[in-house]
Amino acid sequence: MLQLVHTADGSKTIFNPEIGETYHSRHGALQEGMHVFLNAGLRHFLADKNKSELGILEVGLGTGLNFLLSANFCLENGLGIDYVGIEAFPLEDALICQTGYGHYVSAKLWEWFIEKYSSSINHSIELGGRCTLKTAHCKLLDFQSEKRFDIVYFDAFSATHQPEIWSDESLAHVCQFLKMSGIFVTYAITGNLKRSLKALGFSIEKVAGAPGKREMLRATKIKCV
Ligand SMILES: C[S@@+](CC[C@H](N)C(=O)[O-])C[C@H]1O[C@@H](n2cnc3c(N)ncnc32)[C@H](O)[C@@H]1O
């Protein structure tokens, strides 16, 4: 039975008792989403580029917090965004509504998301002119797409609780959907993760982590292997 719980910055997350883990950091769900995915991911990627639109692939869409923060940034800055979130266990609309994440994005975006989230399951839907969302209802290894993305947000449960999703096979699978020079970001950093991504043709950066984590990983695809 999934439970809504508060995190230290006042934002909510979901606790999954079966896995024994929350969907976000207990130090702050909002802080983690802003730091790891929006700032170290999306904004870093855009900093030295002149892009008018971009594609993001997330592993573990969950509550949609990372989608909401990214779409809100893009809509505010006149950028198009095509977002695909892989999610093996899509949440009920009612639970998503109770997260209160509408406080962190525009009222219009929240309204669109709440109204259209369930129709995004296995369909690409438009949320306003230049924002599309698709929730790919499958396990990571079953995900297939013709699309190639600029950024991968890897927001799986931890390797302690879900080691298989951090395996070489899973990482190779998701990274095939990333464009050359695209980036992979995640909240964690381990020796195995660095080795796997190096072997897949990535350059690795250690970045200061979100509150509660010293470091996180950002990797750039520099060659096809
Ligand atoms: C740490 S939570 C992600 C939190 C999410 N990004 C959010 O902002 O709410 C991990 C997510 O991965 C999903 N998941 C677990 N195993 C998966 C798999 N094999 N393939 C795809 N998604 C999976 C879970 O259902 C959960 O929603």
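This report describes the sheets, helices, core and ligand shell of a predicted model.

## Basis of the description

The model is predicted, and local features need pLDDT of at least 70, side-chain atom pairs count only at pLDDT 80 or more, and totals for chains, interfaces and linings use all residues. Residues are numbered from 1 along each chain as its sequence is written. Helices (H or I, at least four residues) and strands (E, at least two) are DSSP runs numbered from the N terminus.

## The eight-stranded sheet

Eight strands form an open sheet with mixed pairing, in the order S6-S7-S5-S4-S8-S9-S11-S10; two strands count as paired if DSSP finds at least two bridges between them. Strand S6 (125-126) and strand S10 (202-208) are the edge strands, and each has a single partner strand, so one side of each is left without a neighbour in the sheet.

Strand S9 (residues 178-186) pairs with strand S11 (residues 215-221) in the antiparallel sense over four bridges, and Phe184 stands opposite Ala219 in S11. S10 and S11 also run antiparallel, joined by seven bridges, with Val207 opposite Met216 in S11. The hairpin of S10 and S11 has six residues between the strands, and Gly212 in this hairpin takes a positive phi near 95°.

## Helices on the sheet

Helix H2 (residues 65-76) lies across strand S4 (53-59), strand S5 (80-86), strand S7 (131-136) and strand S8 (149-154), and runs at about 175° to S5. Helix H6 (residues 191-199) packs on the sheet, where it touches S9, S10 and S11, and its direction makes about 150° with that of S10. Axes are lines fitted to C-alpha atoms, for helices over the stretch in contact, and angles run from 0 to 180 degrees between N-to-C directions.

## The nonpolar core

The largest nonpolar core has 59 residues, of which Leu68, Ala71, Ile151, Val152 and Phe184 touch the most other members. Such a core is a set of buried Ala, Val, Leu, Ile, Met, Phe, Trp, Tyr and Cys residues joined through C-beta atoms within 7 Å. A residue is buried if 20 or more other C-beta atoms lie within 10 Å of its own, exposed if 12 or fewer, and partly exposed in between, with C-beta atoms placed from the backbone. Helix H1 (residues 29-47) supplies the largest share of this core, eight residues.

Not counting residues up to four places away in sequence, Ala71 touches Ile81, Tyr83, Leu109, Leu127 and Cys131 (contact: C-beta atoms, placed from the backbone, within 7 Å). Phe37 lies in helix H1 and counts as buried, with 27 C-beta neighbours inside 10 Å. With the same exclusion of residues up to four places away, Phe37 touches Leu42, Asn66, Leu69, Ser70, Tyr153 and Val185.

## The ligand shell

Around the ligand are 17 residues, of which Gly60, Gly62, Thr63, Leu65 and Asp155 come nearest (near: C-beta atom, placed from the backbone, within 6 Å). By class, this shell has ten nonpolar, four polar and three charged residues. Here Ala, Val, Leu, Ile, Met, Phe, Trp, Tyr, Cys and Pro count as nonpolar, Asp, Glu, Lys and Arg as charged, and the others, Gly among them, as polar.

## The three-stranded sheet

A further open sheet has three strands in the order S1-S2-S3, with antiparallel pairing. Strand S1 (3-6) and strand S3 (21-22) stand at the edges. Four bridges join S1 to strand S2 (residues 12-16), and Gln3 has Phe15 in S2 as its bridge partner.

Technical notes:
Two residues are in contact if their C-beta atoms, placed from the backbone, lie within 7 Å.
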